[in-house]
Amino acid sequence: MKLTISLLKNTVQAYGWGSKTAIARLLGEPVPAKTPQAELWLGAHPKAASSVLQGDEWVPLSEWIAEAPEQVLGRSVALRFAGKLPFLMKVLAAERPLSIQAHPGLVQARAGFARENTAGLAPNARVRNYRDDNHKPELLCALTPFWALKGFRSTGEILELIEQIDIPELHAASDFIRNDPGGEGLRLFVTRLLGGTLRQAQGGGLEQRLQRDLVARAVTAAQSRAESDPVFDWIIRLNRDYPGNIGALSPLFLNLIRLQPGDAMFIEPGTMHAYLSGTGIELMANSDNVLRGGLTTKHIDLGELFNILRFSEETPTLVPPTVVSSAESLYGTSAEEFALSVIRVRKDIPYVAEKARSAEILLCTQGSGVIADTFGQVGMELNRGKSVIVPACVAGYHIEGQATFYKAAVPLGKNCADS
């Protein structure tokens, strides 16, 4: 097996909330696509591993890495992550909102995966919460204007928004916050509201019929405010996509964020969030673990979701890109498994890779460029939608042309120069 810069073939996930245009246009395929295309996966996750072109044959990326993990990943990364690619890169294209969700931490994921295996749940069972034993910190970088919900609002903001809605059941819910503005009051408010255990003045069951009625009245109240405040506009829009779902009220207690192209946000495990609309590059630890709380027809386990959530106020912040070179900017995070950077090459600005690297996946999102091994490999032309993997054993490479690439890599750390 020759380890060199190699072309990738990637899998498209056709979820119902996806776009019929964004991914198809990126890949140069007919637009509109026949079915919604939600995510393009670039990586070695067993659910949908990419394939590597070797001669005339496409080889699963996971097998390609397994044959020579130290050469592909670099020795330090191969040892640290048991010979597996630790990240998963996606192009995410949301035509409709995704579910309200959160991802587990590492300890929680390992315990949950073992627990469900012991219970005899099939790997693809609908009621599974844990598809693997890994956590899932993730970074989302917008390619188009992108709307999202992320993290709990300040309790003052929540109370102010509920005051504007002026519905008795929501006022009763907000009493938990008024009586205890700290994390416990927020936890009780969210668990009672999403869990359907709130009555106007006492604990008890709020049946789905009553939830639908509550949402309908909230939507009516939001109508007069929708033009002046996107929070209320999104309550209406979420109810349009998921009629009567209590999750339509989530903009009242989650921060509403609009990313512009190039903006990025980092989501830590235990953070409630939802992607609402837009296209972006998503980079995460190699996991498919999702705990959902609403706005979905998929499995919801509120008890487990509430166990992993961090009930604390969050002020939304963006991840600023740091200039690495004239051609590259890095979106730095605390994640050990991945790092995302954007590379923009121009006629007079080539990209020259660092000598010490792990495996890197590069996706061209705009223009056309030529990537080549610094030591003589014939250049490979990459245009919009094409992607490659560069193993760590490639001594160096450069890119020339007029193009934009997004690069997924593994941070080596200060003492890891042996890749």
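Predicted model: local features only at pLDDT ≥ 70, side-chain atom pairs only at ≥ 80, totals over all residues.
**Entry 1**

I began with the peptide bonds and the phi angles. Most peptide bonds are trans, and most residues other than glycine have a negative phi. I then looked up the exceptions.

The bond between Val31 and Pro32 is cis, with omega at about 0 degrees. I placed Pro32 in the loop that runs between helix H1 (22-27) and strand E3 (39-43).

Next I took up positive phi. Ala82 is not a glycine, yet its phi is near 55 degrees. I found Ala82 in the loop between helix H4 (75-80) and strand E6 (87-94). Is Ala82 buried or exposed? Its relative accessibility is 62%, and the cut-off for exposed is over 50%, so Ala82 counts as exposed.

Asp166 also has a positive phi, about 55 degrees, without being a glycine. I located Asp166 in the loop between helix H6 (155-165) and helix H7 (168-179). The relative accessible area of Asp166 is 53%, so I noted Asp166 as exposed.

**Entry 2: helices H9 and H10**

I turned to helix H9 (residues 208-223) and helix H10 (residues 230-241). Their axes come within 9 Å and cross at roughly 135 degrees. An angle over 145 degrees would count as roughly antiparallel; H9 and H10 are therefore oblique to each other. I recorded their crossing as left-handed.

Which residues make the contact between H9 and H10? On the H9 side I listed Val215, Val219, Ala222 and Gln223. On the H10 side they meet Phe232, Ile235, Ile236 and Asn239. By class, the contact residues are six nonpolar and two polar, with no charged residue.

**Entry 3: nonpolar cores**

In soluble globular proteins, nonpolar side chains tend to be buried together. I looked up where that occurs here.

The largest nonpolar core has 51 residues. Which of its members touch the most other members? I wrote down Phe152, Leu170, Phe189, Leu249, Phe253 and Met272.

A second core is separate and holds 44 residues. Its members include Val72, Leu85, Ala359 and Ile361.

Methods. Residues numbered from 1 in each chain as written. Heavy atoms only, no water. Axes fitted to C-alpha atoms, helices over the stretch in contact; angles between N-to-C directions. Helix = DSSP H or I, 4+ residues; strand = E, 2+ residues; numbered from the N terminus. Parallel < 35°, antiparallel > 145°, perpendicular 65-115°, else oblique. Left-handed = near helix turned anticlockwise from the far one by under 90°. Contact = heavy atoms within 4.5 Å. Nonpolar A, V, L, I, M, F, W, Y, C, P; charged D, E, K, R; others polar. Buried < 20%, exposed > 50% of the residue type's maximum accessible area, 1.4 Å probe, protein only. Core = buried A, V, L, I, M, F, W, Y, C linked by side-chain atoms within 4.5 Å.
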